[in-house]
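Hi,

Here is the structure I promised to pass on.

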Amino acid sequence: MKRIFFTGSSGCIGHYIAEGLIEKTDHELFLLVRNPDKLKFNYQSRPNIHILTGDMQTVDQFKDLLKTIDVAILAATSWGGISESYQINVVKTLELINSLDSQVCEQIIYFSTASILDQNNQPLPEAGELGTNYIRTKYACYTKLLDLPIASKVTTVFPTLVFGGEENKPYSHLSGGFSDVIKWIDLIRWFKADGSFHYIHAQDIATVVNYLVDHPPSKVDKRQLVLGNKKTTVNEAIHEICRYLNKKIYLQIPLYIALANFFIAVFRLRMEDWDRFSINYRHFTYKDPVTPTTFGLKNYCSTIDDVLELNGIPRSS
């Protein structure tokens, strides 16, 4: 039995991870939660699940406990202003990691984001310079992690686009806004664009993380894992959604970058630096993305059809 310290369990991904750890292991869990009322899983199902009321700002009060921890899962994050984001996503995260005992702790599973990586899975400088507050602080923390004395114990996971959520779990930002894509598909289907991406369901992220808890990477294994299904192009996604909804595609107008920038200028659309960079970068793809099948396990969501079905979108015939 392992002692696991877990931040971020009240979020979408966190709910799936916590549920798996509670139902499929007997590990002792210490869940750092600002508001326990937000937890929709049964944390009272066994006696060795401990709710620690607090947040990353007050993590120093748990320094004695942290020295006894075998595995730390760090999924908590801030999406706020630059000052708050830097304090939580960088300063307090590094403080927590430095509070762990390198002789006791066997693994730290740290959640970053694939947005900070280039197509060779290396840090993307533009993410640190032009990214949103969230992306810039994730970039800063990851680059600092590499210099920590305990760096050899850190397994960094980089989720790509995350779907997930259901009645007893919060929805991810992407799933929460997925209905807008369906609403506008009659317009979207007339365009095609040069771009590609990866996606993954929160349940599959949880499966990978829960596997890593019991099977920490060896010295020869990768400790930087991009979480995502195989790459999908924008045009493939449009075609698959239209096929699922039984909508015909007769003609598609190429949406060139120059045309997109023209519309942005003409309509004076508000664009942040990262938005402009993303439009020109287009292909947020990575080498060797990881899903449960990488470890011989079963995927929960592998296709666009799966995404639509799991988001409650009825198939049209």
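Below is what I found, starting with how the chain is divided up.

A quick word on the ground rules: this is a predicted model, so local features need pLDDT of at least 70 and side-chain atom pairs count only at pLDDT 80 or more, while totals for chains, interfaces and linings use all residues. Residues are numbered from 1 along each chain as its sequence is written, and side-chain values use heavy atoms, with hydrogens and water left out.

The protein splits into domain 1 (3-162 + 199-227) and domain 2 (171-197 + 230-285 + 300-311); these bounds come from an automatic or database domain assignment. Their centres, taken over C-alpha atoms, are 29 Å apart. Where they touch (contact means heavy atoms within 4.5 Å), domain 1 puts in 18 residues and domain 2 puts in 20.

Together the two domains bury about 1700 Å², with 68% of it on carbon and sulfur atoms. Buried area here is the accessible area (1.4 Å probe) that two parts lose on being put together, summed over both. On the domain 1 side, Gln119, Leu130 and Tyr199 lose the most area, together 40% of what that side buries.

What holds charges together, then? Between the domains there are zero salt bridges, a salt bridge being a side-chain nitrogen of Lys or Arg within 4 Å of a carboxyl oxygen of Asp or Glu. By this rule the structure has a count of 11 salt bridges. One of the pairs is Glu106 with Lys2, at 2.5 Å from N to O. Glu106 is in the loop between helix H3 (82-99) and strand S5 (107-111), and Lys2 is in the segment before strand S1 (3-7), so this pair ties together parts 104 residues apart in sequence. (Helices, H or I with at least four residues, and strands, E with at least two, are DSSP runs numbered from the N terminus.)

Finally, take a look at Tyr171, in the loop between S7 and helix H6 (173-176). Leaving out residues up to four places away in sequence, Tyr171 touches Cys12, Gly164, Gly165, Glu166 and Gly176.

Cheers
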